[in-house]
Amino acid sequence: MGPVLALVARDDDGEILRSSLAVVAMARRLGTPVAVLCGGDPDLVITGILGYYGVTRVIIAEDDEDSGDGANARGGGAGDADARGGGARDMDVWGDGVREARGSDAGDADARGVRGRDMVSLATAALVEIASREHPTAILTSCGPDARQVAARVAVRLDSGVITDAVDLMPGPGGPVAIQEAFTGSCLVGSAVRRGVPVITVRADAAVPEPAAVGEPVVVESVSVRRMRPGGVRVLSRAPKTAARRPDLTTAAVVVAGGRGVGSAAGFDLLGQVADALGGAVGGSRAAADLGWCPPQALVDQTGASVCPRLYVACGISGSVRHRAGMQDSRTIVAIDKDPAAPIFRIADFGVVGDLRRVLPALLAEIARRRGTAIGAAPALRHGGAPETLTSTRTSTRVPDPDRAARPQAAHAEARDLARVPDPDRAARPQAAHPETLDHAEA
Amino acid sequence: MKIVVLVKHVPDTAADRHFAADLTLDRAAAPGRLNEPDEYALDQALRIAKLRPGVLITALTMGPRDAQAALRRALALGAHRGVHVVDDALHGSDALATSRVLAAAVDRLGFDLVLCGTASTDAATSMVPPMLAERLGLPALCFADTLRIEGGEAIGRRESETAVEEVAVPLPAVVSVTDQSGRPRHPSVRALAQARQAPLRIWTLADLGIAADEVGLAAAATMVRMVIPHTRRAAGGVIRDDEQGGAAVGLADFLTERHFI
């Protein structure tokens with residue numbers, strides 16, 4: 001099977017985004033995933049994690065020496081690229097000293113780091129450059145705002161067909177076939193690219209990252225690329241979204257959503273506890289968002305977020321057409337509502353007619369009982385405790401779980417073991433950072 | 001300052017939409033309207049025009065005859081002129097071809113800023129703004145939640161997967177704005193009436209120097225292979241709570257069975 005380029009992004013802490021792991025998982029459906037990262041240190045933890053999910057090669061793209069953000073070189077593509085490339089490399093080359101020295105060349109050390117750079121132009125140049133050498137089966141990115149722009153620009157440069165928001169991919173006789181939803185999910189469309197290298201953006205919530213280590217060491221290469229037009233976007237200020245403690249709504253495997261029936265903003269706290277117990281995100285209907293019970297970003301609706309998690313728990317939501325358009329493709333739907341005639345029950349796999357203010361606390365207690373924990377100690381249930389506590393409850397409460405891949409943090413811990421990295425820095429870092437940063441937000 | 005606002009006439013999302021025999025969207029079957037996200041782009045253009053003199057706002061659309069309705073709506077909302085790129089050969093054009101045609105059109109119009117909505121509600125790919133920027137060799141500020149023009153730059157706040165950033169791009173540039181950026185406006189009856197009479201500029205592919213075989217369904221780089229009607233899920237079991245939360249046990253059983261607990 002041919003290589004499939006998977007654009008992998010990291011957050012400010014260097015952790016791989018969950019959406020990127022979904023891209024890798026989708027890439028495996030078409031061929032051998034080759035992860036393309038933009039800048040940053042190719043440390044063993046990152047390669048270990050990527051290897052755990054089936055990546056055999058990692059290509060790190062860096063700016064060509066003299067085509068940084070400030071330069072105005074209009075590159076001829078390959079040129080002297082690959083001067084540093086090829087084969088596995090000595091990690092020391094990327095040591096901090098070297099990095100800073102080069103950084104001062106460019107005028108600003110941080111400009112050489114992952115943060116605050118115009119990643120779109122770097123990723124675009126990298127994918128175009130790598131695609132021209134590797135002739136991949138496809139180029140895959142997430143559906144994040146930056147990744148989408150990369151996909152669009154790469155498609156123009158390669159004059160290649162682009163398919164967005166794929167929920168599934170499969171090899172076809174004439175190249176990959178991508179499945180998309182159309183007309184707010186009322187039908188599925190299978191499309192193929194008939195010119196160039198297929199560029200496909202994939203929905204993070206449609207793929208669960210599955211462990212698929214091939215057992216061979218991951219090959220790390222680097223490529224230096226020349227951006228076509230560097231210096232376009234200047235970042236004036238930046239606030240990392242590391243504060244999010246729940247997975248992002250659009251990429252979460254579990255969504256607990258509330259509507260008018262929740263009754264109050266305080267009622268949403270209860271939903272939050274259920275979401276935490278199930279490792280999910282909180283969403284809201286149009287009514288709940290309009291009433292200010294949940295933030296507008298939490299809106300699940302035809303015009304808000306469209307989600308297809310593995311589990312959708314609708315609480316006090318009648319299920320208007322517009323709301324269903326945003327969630328009806330969820331793998332499993334559970335509905336809790338007082339009104340037995342609510343349309344949501346017609347699409348629910350399991351329904352409870354009753355008062356959610358009674359059912360949900362009872363459910364929390366039942367979950368805690370089955371996990372053998374006290375109610376207050378359910379995983380991440382009461383947030384704000386020390387990170388160690390969070391980690392230990394997660395580990396201790398993890399029941400044998402055939403679907404373990406849905407819990408990236410657990411899988412990551414193993415990936416870390418797999419990589420056996422002597423990295424005191426990372427070991428010392430609070431583990432709790434992982435579930436949050438991994439499931440991290442897509443706008 | 002010249003602003004071009006890209007607008008699109010789309011089938012109303014509330015109506016039933018279908019695929020035509022050639023697997024393109026059947027645009028004649030559903031009533032159309034101005035793509036809602038584009039109204040935010042228009043709103044931003046009008047805000048910029050309010051703050052500085054000499055702003056010329058051009059609404060530009062590409063599409064069949066009906067698409068004029070979107071231009072007229074844009075004119076009623078305050079755009080100064082409307083340009084319609086219409087050609088039979090355009091039917092079935094993909095994002096690559098669309099961006100090519102629009103790039104030629106905005107190039108011919110001249111511009112300091114191209115403003116777009118984040119996506120169309122029919123295709124919803126969000127591909128055209130960055131593709132257009134790529135073809136014009138320009139930076140893009142996509143998915144901006146705020147926008148202001150200052151010192152020859154477009155400055156806006158955008159949310160990426162990892163951070164909320166304020167970024168600046170030098171003009172000329174392509175900017176797409178989200179529904180967080182402002183509010184759609186409602187035209188007055190008088191403005192609507194006037195817009196109905198307003199002359200529009202009509203351009204064909206020949207006017208833009210684009211060959212018919214570069215665009216349209218035959219030149220599309222993607223092809224719909226199949227359309228599968230979504231199988232409607234059947235309703236599952238419903239249990240009634242006993243007023244004490246006893247249904248939670250049944251619910252927990254269900255969640256355990258599906259490995260969520």
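Predicted model: local features only at pLDDT ≥ 70, side-chain atom pairs only at ≥ 80, totals over all residues.
Hi everyone, thanks for coming.

Let's begin with the overall make-up. Chain A has 15 helices and 16 strands. It runs to 443 residues, and 56% of them count as buried. If you take the contacts in chain A between residues at least 6 apart in sequence, 71% join residues at least 24 apart.

Now zoom in on strand S5 of chain A, residues 162-166. Is this strand buried or exposed? Five of its five residues are buried, so S5(A) is largely enclosed by the rest of the structure. S5(A) has a partner in strand S9 of chain A, residues 199-202: the two run parallel and are joined by three bridges.

Next, the interface. Here 77 residues of chain A are in contact with 62 residues of chain B. Several elements of chain A give two or more residues to that side, among them S5, helix H10 (344-347), strand S16 (350-353) and helix H11 (356-371). Which element gives the most? That is H6(A), with nine residues. By class, the side of chain A that touches chain B divides into 38 nonpolar, 18 polar and 21 charged residues.

There is strand pairing between the chains, too. S16(A) pairs with strand S14 of chain B, residues 237-240, in the parallel sense and over four bridges. Within that pairing, Val353(A) stands opposite Arg240(B).

Last stop: H11(A) again, this time with a neighbour from its own chain. Helix H7 of chain A, residues 265-278, packs with H11(A) at an angle of about 25°, and the axes are 10 Å apart. Why call the two roughly parallel? Because angles under 35 degrees count that way, and H7(A) to H11(A) therefore qualifies. Their crossing is left-handed. On the H7(A) side, the contact is made by Gly267(A), Leu270(A), Gln273(A), Val274(A) and Ala277(A). H11(A) answers with Arg357(A), Leu360(A), Leu363(A), Leu364(A) and Ile367(A). Sorted by class, that contact has seven nonpolar, two polar and one charged residues.

Notes. Residues numbered from 1 in each chain as written. Chains lettered and ligands numbered in written order. Buried ≥ 20, exposed ≤ 12 C-beta atoms within 10 Å, placed from the backbone. Contact = placed C-beta atoms within 7 Å. Pairing = 2+ DSSP bridges. Nonpolar A, V, L, I, M, F, W, Y, C, P; charged D, E, K, R; others polar. Axes fitted to C-alpha atoms, helices over the stretch in contact; angles between N-to-C directions. Parallel < 35°, antiparallel > 145°, perpendicular 65-115°, else oblique. Left-handed = near helix turned anticlockwise from the far one by under 90°.
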